[in-house]
Structure formats: structure tokens, C-alpha cells
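This report describes selected features of secondary structure and packing. Please consult the sequence and the model below while reading.

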Amino acid sequence: MKIGILGGGVSGVALATRLKEKGIPFVLLEKESTLGGLMRTRVVKGFTFDIHGGHIFNSKHAEVKSFLMGRFASGELVHTVRQAKILYRGKVVSYPFELAMGELEPADAASCIMSLMSRKGPEPRNFRDWLIWRFGREIARRYLIPYNKKIWRYPLGEMEVFWVKQDKIPIPDVRKIIIAALSGDASERMMPHSTFFYPRHGGAQAFVAALAKNLEKGDVLLNTPVKTLEAQGGGWLINGSIQCDKVISAIPLTELPAAMPSLPGKVANAIADLKYNSVTTFLFEMPPTEGISWLYVPDPALPYHRISYPRNFSPHTVPKGKESGIVEYTGKESPAKIAAVENSIGAPPVDRSFTELAYVIYDMRYRQKMAIINRHFDSLGIPRVGRFATWQYLNFDVCIRDAFSCLARELPGAFAPGA
């Protein structure tokens with residue numbers, strides 16, 4: 001049996017690596033000149049630039065942690081305590097905001113906590129009302145709503161909420177919020193990824209390179225987009241010449257209609273109506289920071305929503321004596337938006353990159369559309385793995401875990417537990 005893997009991001013590479021370990025024939029097609037997907041990195045004037053935004057690693061999934069970290073020699077990963085912060089009214093406070101009440105002015109903290117204690121009513125379906133219902137009107141008004149407006153650039157009242165509970169934002173209970181306010185301890189260590197690993201050299205792309213290091217030249221076809229995908233004799237024909245018994249797609253759903261023009265209209269329409277956000281990232285040389293991993297920026301007057309500081313991931317991400325910041329702006333790239341970011345920082349960037357597909361948006365019709373899409377591709381026997389192949393807002397450790405699960409389902413003889 002030969003497996004065709006569509007896409008060479010972390011999901012596709014994880015699939016390929018596992019198949020390689022089992023000696024199962026496969027070929028991986030990647031449209032770009034390098035593997036990596038959303039985890040590509042380039043080095044510019046000695047600065048390491050994760051061009052699609054920073055990707056750090058930790059995981060509650062033991063098999064994923066062992067799989068990835070076992071591919072690095074001792075010392076090749078830097079282990080760091082996360083120091084996420086928020087720029088709130090010109091002051092840097094701890095993240096998450098609801099645990100930073102002890103760092104606010106007493107009157108502001110009292111308003112937030114009183115609002116938190118006065119919540120009532122059934123759980124709302126839309127994201128905006130859910131934020132108010134879950135955290136209180138004042139915490140939502142001061143931080144959660146303005147920040148999420150910036151990162152999503154989509155009406156919050158028209159977004160679903162089920163995805164929020166999948167470790168995407170911290171949700172401490174009321175008791176923890178009050179304890180944090182009284183103690184002055186924001187308890188960052190209790191949040192997801194409170195510590196993380198990052199490659200000492202090579203940026204986020206080094207994670208993918210570590211997974212791919214045992215792949216051979218014939219295993220991977222770079223600069224090879226999926227142009228056509230046709231069912232043929234119980235298998236699949238890719239690009240008119242590559243025959244495979246099975247395909248696993250790790251490319252965005254939005255790329256499949258062009259390769260499969262015979263898709264039913266309702267499936268093609270559902271794919272065309274999927275919502276997403278784009279991101280522009282800027283690499284700036286910046287003044288030193290005091291160990292901040294990244295800074296969330298809810299202020300609507302500032303165009304960007306987050307700055308990450310690579311030197312605090314690994315000291316080898318910047319030239320000696322230098323500091324950098326990766327500034328992220330959600331939305332389509334335009335000269336006016338680029339100028340707004342550069343003017344707000346007050347310097348020209350060292351580099352800039354645009355990512356068309358960055359964040360999945362869970363609009364109110366998301367589940368209806370995905371049900372149509374998933375039914376069709378399941379009926380064809382084409383499993384999907386990865387953030388945009390499944391159209392889910394997944395961290396990369398979950399993408400690796402899902403690659404494992406996919407192989408266990410599709411090839412149970414080779415990938416059954418204990419096999």
C-alpha cells in the first residue's frame with residue numbers, strides 16, 4: 001500500500017515520519033520549496049523571524065511530547081517559564097487579565113469583581129455575550145471584548161462559543177479569580193503552556209525539521225502543489241501521474257475544490273463560505289524587555305494585537321546585543337495598515353510577512369457547513385489532518401496527536417496500540 005500525503009506542514013510531516021518508521025510506502029506533496037506550513041522561519045540580518053507568528057511547544061499529550069522532544073539532543077531546546085503580559089491603559093499587567101485584579105487600581109479591580117459576582121442567566125450561544133456571561137461585564141469590557149475584536153476582525157456576536165472551551169483561552173473559576181486578587185498572584189503557572197520549549201537555533205521551523213530529518217529525498221516532492229485529485233481503480237491519482245492506494249489531506253479545505261472540480265455544489269459552496277482571518281507579521285528591532293514572552297495589546301488605538309519577543313524564547317534568535325519583536329496584525333494586508341503598524345512602532349521593520357490563512361473563524365453556521373464537508377470527504381475515504389485541513393483552531397501539538405489518531409484509524413494493523 002502506498003499513501004499520498006497532501007501538504008508538508010507539521011501534520012503532513014508527522015504523518016510521513018510515522019509511516020517512515022513503520023516502513024509503509026508514501027509520498028508527500030508540498031507546494032512550497034520547504035516543509036513547515038505555518039511554522040516556517042527565516043533569518044534576516046541575524047534575526048530569527050517566525051514569519052507566521054511564534055510557535056512554542058508544550059503538550060499535555062505524553063505521546064506527542066515524547067515523539068517530538070525525543071528528536072532533539074540535550075540542550076537543543078530551551079525550556080522557558082512563560083511570561084505573557086497585557087498592555088492595559090499604558091501599564092503592563094499579568095495575563096490572564098481576570099487573574100491580574102491585584103495589579104489594577106483598587107476601584108477598577110472592585111468594579112471587575114463586583115461585575116463578575118453579579119452574572120446571571122443561561123449560557124449564551126454567541127461569543128460576545130458568552131464573554132460577558134462568563135467573566136462579567138467589566139472584565140469583558142476592559143479587556144476581553146476589545147482584544148478579541150482586534151484578533152478576530154469579525155463580529156463577536158456572530159461567532160460560536162463551543163471552541164473556546166477546547167483550551168483556547170484560560171477559563172479560571174470565580175474562586176481562583178478572587179484568590180488571585182487578594183494574594184496579588186496571577187498564577188501564570190496554572191495556565192496552558194505555563195512553561196514551554198523552543199529550539200535554541202532555527203526558530204519554529206526547527207520543530208518540523210527535527211520531525212523530517214529521517215525523511216529521504218524520494219519521500220518528499222517540494223514545489224509540487226496538488227493540482228488534480230482523481231479516484232482511480234479503488235485508489236487515487238494525484239496530478240495525473242502519482243498513483244496511491246490512499247490519500248490523507250493536510251492541505252487547506254479551500255484548495256480541494258480546484259483539484260476536485262466534480263465536488264457536489266453544496267460541498268463546494270460550504271467550503272467557499274468557510275470563514276478565516278489573515279495575519280501580517282512584522283519583525284522589528286526593539287528595546288530590551290524584562291523577560292516578557294509576548295504582550296497582548298487590547299487598545300483599539302494601536303493597530304496590532306500582539307508582540308512576541310524571540311530573545312526570551314532563545315538567546316540565539318538575535319545578533320549579540322540586539323533585541324527584536326514580532327508584531328502581529330490581523331486582517332488583509334494593505335499599504336495603509338502596514339504604515340499604521342510601522343508608525344505606531346516608530347521604526348521601519350527588519351522584515352515583514354503576510355499569511356493568508358492564519359485563524360479559523362467559528363461563525364454561527366460553522367457546524368452546519370462542516371457537517372456537509374465532513375460527510376462528503378468521509379464518504380470518499382479522504383481523512384483530513386491539521387488546522388486548515390479540518391478547519392479547526394488547533395495548536396501544533398494537537399495536530400501531531402491527530403496525525404497519530406488518523407493513522408490508527410486508517411491503518412489499524414500497523415498503528416494499533418502496542419503495534
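A search of the whole structure finds 26 salt bridges, a salt bridge being a side-chain nitrogen of Lys or Arg within 4 Å of a carboxyl oxygen of Asp or Glu. The model is predicted, so that local features need pLDDT of at least 70 and side-chain atom pairs count only at pLDDT 80 or more, while totals for chains, interfaces and linings use all residues. Residues are numbered from 1 along each chain as its sequence is written, and side-chain values use heavy atoms, with hydrogens and water left out.

One of the salt bridges joins Arg89 to Asp108, with the closest N and O atoms 3.6 Å apart. Arg89 lies in the loop between β6 (84–88) and β7 (91–94), whereas Asp108 belongs to helix α3 (residues 106–117), so the pair ties together parts that are 19 residues apart in sequence. Helices (H or I, at least four residues) and strands (E, at least two) are DSSP runs, numbered from the N terminus.

**Sheets**

Strands of a sheet pair through backbone hydrogen bonds, either parallel or antiparallel. Here, two strands pair if DSSP finds at least two bridges between them.

An open sheet of 7 strands has the order β7-β6-β15-β16-β17-β14-β18, and its pairing is mixed. At the edges stand β7 and β18 (351–360), each with a single partner strand, so one side of each is left without a neighbour in the sheet. Neighbouring strands of this sheet are turned by 25° against each other on average, direction ignored. Within the sheet, β16 (residues 306–308) and β17 (residues 324–330) run antiparallel and are joined by 3 bridges; Ser308 stands opposite Ile326 in β17. Helix α10 (residues 335–345) lies across β14 (276–285), β17 and β18, and runs at about 40° to β14.

Another open sheet consists of 3 strands in the order β10-β11-β12, with antiparallel pairing. Its edges are β10 (229–232) and β12 (242–244), each of which has a single partner strand, so one side of each is left without a neighbour in the sheet. Strand β11 (residues 235–238) is joined to β12 by 3 bridges, and the two run antiparallel. Ile238 stands opposite Ile242 in β12.

**Helix packing**

Two packed helices are described by the angle between their axes and the distance between the axes. Axes are lines fitted to C-alpha atoms, for helices over the stretch in contact, and angles run from 0 to 180 degrees between N-to-C directions.

| Helix pair | Angle | Axis distance |
|---|---|---|
| α4 (residues 127–135) and α5 (residues 137–152) | about 150° | 9 Å |
| α3 and α6 (residues 174–183) | about 160° | 11 Å |

α4 and α5 are therefore roughly antiparallel, a term for angles over 145 degrees. Their contact (heavy atoms within 4.5 Å) includes Phe127, Leu131 and Phe135 of α4 and Ile139, Leu144 and Trp152 of α5. By class, the contact of α4 with α5 has 9 nonpolar, 1 polar and 2 charged residues. Ala, Val, Leu, Ile, Met, Phe, Trp, Tyr, Cys and Pro count as nonpolar, Asp, Glu, Lys and Arg as charged, and the others, Gly among them, as polar.

α3 and α6 are likewise roughly antiparallel to each other. Ile113, Leu116 and Met117 in α3 meet Val174, Ile177, Ile178 and Ala181 in α6. This contact of α3 with α6 has 7 nonpolar, no polar and no charged residues.

Definitions and conventions:
Parallel < 35°, antiparallel > 145°, perpendicular 65-115°, else oblique.
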